Each structure stands twice: as C-alpha cells, then as structure tokens.
Amino acid sequence: MVKAASLLGLNPTAEDADVMIKMADSDGDGYINRTEYTSMMSQSYSSIDQEKQALQKAFEKLDKDGDGFLSTDELRAALQYNSDITDDEIDIFFMDADKDGDGKIDYTEFIDSTLCVSLV
Ligand SMILES: [Ca+2]
Ligand SMILES: [Ca+2]
C-alpha cells in the first residue's frame, strides 16, 4: 500500500497511508478491496495529471520561442520578477537544472529541478 503510493511519487508517511486507507475504505470494513483500491488510485492519478498539466503550461509559458527548451535568456526573463536575483544566481539555477549539461533545459530537466517549484 505505502509502496504503491510512493511509486506514484506521493511518498506518504505511515500516517498519510492510514488516512488514505480510511478515505479509500468506503465500506468501512478496515480493508481495501479491489474496487476501493482502483478508485483511490485513479483519484491519485488524476491529481498528478493536473499537476503535470500545470507544469506543462508553466514550461510553455517560459519557453518563449517555443523550441521545447529553456535557454538562459528565457530563464532570466522568468526570474526577473525577483529583482534581487543576480546573474550568478541565475547561472547556478540553470546549471543545477541542466542535468545533462547541453546548455538548455528540457521539460524533463525542468520538472526535476527546483525551478518548477519556485515558478509554478
Ligand atoms: Ca526556448
Ligand atoms: Ca539539458
């Protein structure tokens, strides 16, 4: 149960798992049957889908020229709302997110980075 949820990236604590079981256990017998399990999992999936869509939208908004990658310039434009940020900090952000070091941030790198947390 906990394992299945952490595979979905939810990473629940034992307490969360308890709450999830209680929520999923719609007939209240203390066990999750197949139907309850399936409906719980599809709910988790749909919230993850929504999150993914929000990230995708954020990425598309940042990717001004629409080439599917974020360049340093695009990142700088995105972070400009924060006037305290320096070019050095932007470079650090960028290098941190650009895992394969090809000089641009693709969507996978974007969702793996801390960037998306601060930008979405
Ligand atoms: Ca771009
Ligand atoms: Ca890259």
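1. Two residues are in contact if their C-beta atoms, placed from the backbone, lie within 7 Å. In the protein chain, 31% of the contacts with a separation of 6 or more join residues 24 or more positions apart.

2. This is a predicted model: local features need pLDDT of at least 70, side-chain atom pairs count only at pLDDT 80 or more, and totals for chains, interfaces and linings use all residues. Residues are numbered from 1 along each chain as its sequence is written.

3. Confidence comes as pLDDT, the predictor's score for each residue from 0 to 100. The protein chain averages 82, and 84% of the residues score at least 70. Helix 1 (residues 2-7) is lowest, at a mean of 52; helix 6 (residues 107-112) is highest, at 90. Where pLDDT is low, the predicted coordinates should not be read in detail.

4. The protein chain has 7 helices and 0 strands. Both are DSSP runs numbered from the N terminus: helices are H or I, at least four residues; strands are E, at least two.

5. Thr72, Leu75, Arg76 and Leu79 in helix 4 meet Ile90, Phe93 and Phe94 in helix 5. By class, that contact has 5 nonpolar, 1 polar and 1 charged residues. Nonpolar means Ala, Val, Leu, Ile, Met, Phe, Trp, Tyr, Cys and Pro; charged means Asp, Glu, Lys and Arg; the others, Gly among them, are polar.

6. Lys52 sits in helix 3 (residues 34-62). Lys52 counts as exposed because it has 11 C-beta neighbours inside 10 Å; the cut-offs are 12 or fewer for exposed, 20 or more for buried, and partly exposed in between, with C-beta atoms placed from the backbone. Lys52 and Ile111 are 59 residues apart in sequence, yet 8.7 Å apart in space, C-alpha to C-alpha.

Definitions and conventions:
Chains lettered and ligands numbered in written order.
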